Amino acid sequence: MLEEAGMRHEVTIHATPDPATTKMEMQAVVNMGLAREGSNNAIRWEYTRNFDPSSIPAGHKLQSVDFHQRFPAIAKLELHDKPQMELLAKLRSVPAGIALYTGGPGSGKSTIAGRIALAAVQSSRHNKVLWVIHSNELCDDAVQTLKHGCSGHKNVRVGRLPTMRVMEDTLLKACSKTNEPPTRFADRRSVTEQKAAYNPDSITAIAIQMAKDHSAEHSAFWNPDVEYLNWKAACRDLLGGALGRFDILVGTPFAVGQLGGCDLPSLIDLPRPICKDWKPTLIIVEEAGRIPEVQWWIPVSAFPDALVLSMGDTRQFKPLSLSVQADKDREHSRNLTHAWKCTFGEQRQVSILERAELCGQLLAHLSTNRRNRGQIAEWAASSPYRGEMKIEYLRGCGSGLEIEYTDFFSKVLRTRDKSNSVVCDAQGVSYCEGTGLVNHDNRKFAFDLISKAYSANLPSVKFKGKRAQIMIITPYTAQLLKYRTELRRATDPNITNSDITARTIDSSMSAEADLVIFDSVRGQDISGFLDNEARMTVATTRARGGAVTIVTGMAITSQRRFPEGDGSFWSFVALHKNRHRYVRA
């Protein structure tokens, strides 16, 4: 009997939030609010109150900034899309040197920003570009995209900027005799930052090589246990030298704030920039509709002489506010714990991009969708982007490679209507794991579909002559971890030797793939977390060639049990049902 009995342990993990980012946000606001009258920061702070160009004093250098004059190589950019050409033209007169624009999925927001970044560093060997984005995972995506865009320019170097603590931990391990950091240096790295720090072409790798090549000059670096403050100073000197090798750096607002010395001083941290000589001439803030305005100000306040180019999509995720989310959870009463009333959270959910849009001060809106071919973005074009999205490659247009996905779905999934966007009922069962949900049946269906896709040699829509890139996205981290574990343990050569990634929906902004499998996970009902227009907009516009959404019939046919959601998930499934693009596995 005891051998048959299972053991269950309930573990509660308590974590103390790190206030470092909040402190840096506060410091950025203080820097802007107390800026000397007439300074760039003071001018920008006043201008962005209502985005009123008349608030900028006549004759001030920020009254009307010409990006083309500052970066002459911009004039050489060849663009054929009318909204992009209009954006480029408007860069000749930018109030306060802050250029803001929006764009829908696949409209080239990041692509044109990347080309402007390259033009900036090509205009002068002294020019540097700082690329800011809110999450480590998206920072890694941006680095790869920028490196690909700069691949034909060997003199342009793109690097990933981790936080100072991450770089210090990596350097300490390199100089420690035991090759293990002392206990006072606990590992505080995120997985993606850790990978970035150990990359052979990283800032820390270059710093370590500099220390080896000039060991006598950097003797303090090789003795971390002798004098901690001296060792930290040696680290900053080495990192400063390594940073000078890079033309474009990509980092989170916090890492960028540290680069500019925007972090508050403490008893042991040195309150000065990592590298006083590395100053950007251009700051690019990607996905600016996702970060709170107060975080947007961190890089701008740290580098007041740089021009600013900022873009995003106000139809997708708003800035995250935990207090607002707590309010919503309380109202839905699924997990009622404490009576909580949010006071200032709503303000935090308004991005500077949304404010500029409301004030009519965006330079342009890019509306041509060149990513989602065929019927992939049909729901998005008719709902959140009604009248604001033009799909460039409809059925049979462009290269026609999406037709291969249509034929594959018709053969494997037996769809009645030939389409490259399909909803499949995997008839799965979901169950709780921790605070999330997992669904084994959906994962099994997804891996079976992936194996068949590679057996059929589905081509990449973007990279000629290569096999399809596949991305799995899911709303729940618990299901994501299951996917990643099974990907590591897979023995099917079609899976182990292929380009497959797995992400949550919230971390897939700016990401794309040829075939995207959207696993909705839920088996009993559809929650407001999933039935959300912003989340559905991101989830359904990541695919280039084909999109498959995995659902459970019981969840979408059962009556809603909770007053949640805005109906977006239901309307997406209904569109596919009405057009015979809904199948049962």
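Visitor: How many cavities of 30 Å³ or more does a search of the whole structure find?

Guide: Rolling a probe the size of a water molecule over the atoms shows where empty space is left. In this structure, which is a predicted model, the search finds 3 cavities of 30 Å³ or more. The largest cavity holds about 60 Å³ of space.

Visitor: Which residues line the largest cavity?

Guide: Among them are Ile 376, Ser 421, Val 516, Phe 518, Arg 542 and Phe 572. The lining also includes Ala 543, Ala 547, Val 548 and Thr 549. Sorted by class, the lining has 8 nonpolar, 3 polar and 1 charged residues.

Visitor: Which strands each supply at least two residues of that lining?

Guide: They are β15, covering 513-519, and β16, covering 543-551. The largest share, 4 residues, comes from β16.

Visitor: Let us turn to the pockets. How much space lies in the second largest pocket?

Guide: The second largest pocket contains about 180 Å³ of space. Its lining consists of 14 residues, and those nearest its centre are Lys 279, Ala 302, Phe 303, Pro 304 and Asp 305.

Visitor: What classes of residue make up the lining of the second largest pocket?

Guide: There are 9 nonpolar, 1 polar and 4 charged residues in the lining of this pocket.

Visitor: Is Cys 175 buried or exposed?

Guide: Cys 175 has a relative accessible area of 6%, and it counts as buried because this value is under 20%. Cys 150 is likewise buried, with a relative accessible area of 6%.

Visitor: What percentage of the residues of the whole protein count as buried?

Guide: Of its 585 residues, 54% count as buried. The protein exposes about 27800 Å², of which carbon and sulfur atoms supply 51%.

Visitor: Finally, how many helices and strands does the protein have?

Guide: It has 23 helices and 17 strands. As for contacts between residues at least 6 apart in sequence, 77% join residues at least 24 apart.

Definitions and conventions:
Residues numbered from 1 in each chain as written. Predicted model: local features only at pLDDT ≥ 70, side-chain atom pairs only at ≥ 80, totals over all residues. Heavy atoms only, no water. Buried < 20%, exposed > 50% of the residue type's maximum accessible area, 1.4 Å probe, protein only. Contact = heavy atoms within 4.5 Å. Areas by Shrake-Rupley, 256 points an atom, 1.4 Å probe, with all protein chains shown as cover. 1 Å grid on protein atoms, 1.4 Å probe; cavity = no way out; pocket = protein on both sides within 12 Å on 5 of 7 lines; lining within 4 Å. Points joined across faces, edges and corners; volume = space filled by probe spheres on them. Nonpolar A, V, L, I, M, F, W, Y, C, P; charged D, E, K, R; others polar.
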